[in-house]
Amino acid sequence: TSDLPVYTLEEVTKHCSLDSGVWVTYKGGVYDITEFVSMHPGGDKILLAAGGSLEPYWALYAVHQQDHVLELLSEYKIGVLNPESYKKQESANPLDPYSAEPTRHPALQINSLKPFNAEPPASILSDNYITPSVIFFKRNHLPVPRVDPEAYRLEIEGLPGGVVSLSLSELKSRFPKHTITATLQCAGNRRSEMNEVKQVKGLNWGIAAISNATWSGARLRDVLLSYGFGPEVAAKAKHVQFEGLDKDVTGTAYGASVPLNKAMSEEGDVLLAYEMNGEDLPPDHGYPVRVVVPGVVGARNVKWLGKIVVSDEESKSHWQQNDYKGFSPGTDWDTVDFKSAPAIQELPIQSAITHPAEGTSVDRSDGEVTVKGYAWSGGGREVVRVDVSVDGGKTWHVAQLRTSDQEQHPAPPPPPGRAWAWKLWEIDVPIPQRAQELEIVCKAVDSSYNTQPDTVAPIWNLRGVLSNAWHRVKVKVSE
Ligand code: HEM
Ligand code: MTE
Ligand code: MO
């Protein structure tokens with residue numbers, strides 16, 4: 001194969017019709033497919049790629065991601081692109097579904113690049129009560145859709161007056177602007193600890209797939225009431241479904257749903273948010289509009305919101321039906337029945353240690369070790385206490401809780417059942433006299449007196465969700 005002729009992009013581009021011959025490129029190889037065009041199962045469309053690369057088209061038609069297609073293509077190979085041309089082509093691909101991704105903060109620890117999934121380093125997560133948007137964890141299942149705010153429409157179905165279509169400026173001007181502070185957590189936060197017990201399927205999140213922000217927008221309740229939601233709808237409907245504008249290659253959008261009573265409750269605080277931390281939503285977080293369902297798992301907080309459907313059924317989407325559910329540790333991929341478990345909505349109590357870091361050391365002469373972290377519970381249940389141990393859980397100390405960025409000005413306590421935001425915590429614990437290593441442990445308690453399980457194994461599940469055991473960090477004591 002090293003004997004194959006080398007071509008430039010210019011030479012390939014000249015072969016762009018049946019008259020001049022049809023050449024295409026794929027991963028740096030050059031192919032003369034003139035003879036194949038009339039045999040192509042997908043018809044004339046194949047000529048769209050004539051004189052250029054196949055990748056952007058094959059990204060749209062996933063049917064090509066099969067061995068037999070690649071074998072077929074290999075029969076037509078006539079040469080390779082010179083490296084310079086290949087590089088140029090790769091960087092200029094306008095139809096790469098990931099070509100419009102926003103730039104991201106360099107501190108983010110990337111779990112997956114395409115789609116983009118990243119968390120901030122644990123060491124900086126608890127430095128701010130309100131997480132700066134640039135380091136707020138990012139969890140995308142698909143490419144980020146770039147939405148023109150002038151052309152944006154939010155559709156609402158399932159109300160008596162027929163389909164509603166709202167522009168962004170209507171959403172902003174017709175309804176009161178409401179602001180809440182709410183923590184979002186991915187169901188897979190701390191999945192890596194489950195992986196240590198036994199391999200699970202999913203992104204290997206550390207402890208920082210959780211962040212806290214202020215969100216502003218229209219109350220979903222206000223919007224539905226103003227377009228005809230009333231007793232007749234309430235009698236039949238049980239769920240509110242959301243659809244994103246992000247689509248996979250088959251045209252299927254990201255989707256999820258929440259119970260109708262959460263959406264309509266005066267205390268539910270469900271927002272159609274257009275601001276995050278006082279600015280337009282960033283592209284990664286759902287610009288121009290996302291749903292914020294406080295107290296509920298990240299997955300239902302649909303970004304780039306395109307459609308709302310009031311319905312008697314849950315969302316039919318893969319992510320509502322066949323993902324984001326919990327199972328027994330004994331359930332495996334051969335026995336799992338996704339219909340047998342409810343979709344995760346409210347999340348359980350959670351806490352983790354952000355400082356010190358695993359494997360570091362503390363100085364005995366300091367006398368004390370400063371331990372820091374976060375704590376949060378789902379469903380609006382307030383964190384009322386965080387217990388910290390430095391001897392693996394034998395003895396415990398109660399940490400100081402923080403509810404704002406200024407220690408001197410704590411936020412007023414949330415109304416009962418509406419504690420949507422996390423608490424940061426901190427404590428100085430004496431270093432036990434003869435200890436050479438500390439096993440630092442934290443566990444939180446919420447207003448329902450729920451607390452965390454002590455170990456991971458009994459809550460292990462094949463998808464690695466709902467990982468909320470006591471968080472443990474080991475550090476050395478240096479003399
Ligand atoms: C289907 C080969 C380029 C669009 C197929 C299938 C093959 C194939 C083997 C049938 C796959 C199956 O059902 O298992 C190729 C080769 C190409 C090429 C070798 C380039 C050398 C393109 C391009 C486009 C395209 C550039 C679009 C712009 C389609 C579509 C189908 C298809 C839409 C589905 C047809 C259907 O099932 O209705 N192609 N293709 N193909 N191709 Fe291509
Ligand atoms: N909404 C759309 N449209 N597409 C997505 O991929 N990911 C969901 C949710 N909303 C997702 C989405 C998941 S699983 C999580 S955890 C949160 O968004 C993450 O929100 P963030 O990226 O703003 O942190
Ligand atoms: Mo998630």
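Student: Which residue has a polar side-chain atom 2.7 Å from a nitrogen atom of ligand 2?
Tutor: The structure is a predicted model, in which local features need pLDDT of at least 70 and side-chain atom pairs count only at pLDDT 80 or more, while totals for chains, interfaces and linings use all residues. Residues are numbered from 1 along each chain as its sequence is written, chains are lettered from A and ligands numbered from 1 in the order in which they are written, and side-chain values use heavy atoms, without hydrogens and water. Around ligand 2 there are 19 residues, the closest being F137, D246, H285, R290 and K303 (a heavy atom within 4 Å counts as near). The residue whose polar side-chain atom makes this contact (a pair of N or O atoms within 3.5 Å) with the nitrogen atom is D246.

Student: What arrangement do the 6 donor atoms around the iron atom of ligand 1 have?
Tutor: H40 and H64 each coordinate the iron atom of ligand 1 through NE2, at 2.0 to 2.1 Å, donors being N, O and S atoms within 2.8 Å of the metal (3.2 Å for Na, K and Ca). Six donors qualify when opposite ones are over 155 degrees apart and all others between 65 and 115. Because the 6 donor atoms here subtend angles of 87 to 179°, the arrangement is octahedral.

Student: How many residues apart in sequence are the parts that H40 and H64 tie together?
Tutor: Both histidines, H40 and H64, are buried (under 20% relative accessible area; exposed is over 50%, partly exposed in between, with a 1.4 Å probe and protein chains only). H40 sits in the loop between strand 4 (29-32) and helix 2 (55-58), whereas H64 sits in the loop between helix 2 and helix 3 (67-74), so the parts they tie together are separated by 24 residues.

Student: Which helix gives the largest share of the shell around ligand 1?
Tutor: The residues that come nearest to ligand 1 are H40, W58, H64, Q66 and H68, and a polar side-chain atom of H68 lies 3.0 Å from an oxygen atom of the ligand. The largest share, 4 residues, comes from helix 3.

Student: Which residue is joined to P288 by a cis peptide bond?
Tutor: Most peptide bonds are trans. K114 and P115, however, are joined by a cis bond with omega of about 0°, and P115 is in the loop between strand 6 (109-112) and strand 7 (117-119). P288 is in the loop between strand 16 (279-280) and strand 17 (290-292), and its cis bond, with omega near 10°, comes from Y287.

Student: Is Y449 buried or exposed?
Tutor: Y449, in the loop between strand 26 (437-446) and strand 27 (471-478), has a positive phi of about 60° although it is not a glycine. N277 also has a positive phi, near 50°, and at 22% relative accessibility it counts as partly exposed. Because the relative accessibility of Y449 is 66%, Y449 counts as exposed.

Key. Four donors count as tetrahedral if all angles lie between 85 and 135 degrees; four count as square planar and six as octahedral if opposite donors are over 155 degrees apart and all others between 65 and 115; anything else is irregular. Helices (H or I, at least four residues) and strands (E, at least two) are DSSP runs, numbered from the N terminus. A polar contact is a pair of N or O atoms within 3.5 Å; within protein, one must be able to donate a hydrogen and the other to accept it, and residues adjacent in sequence count only if both atoms are side-chain atoms.
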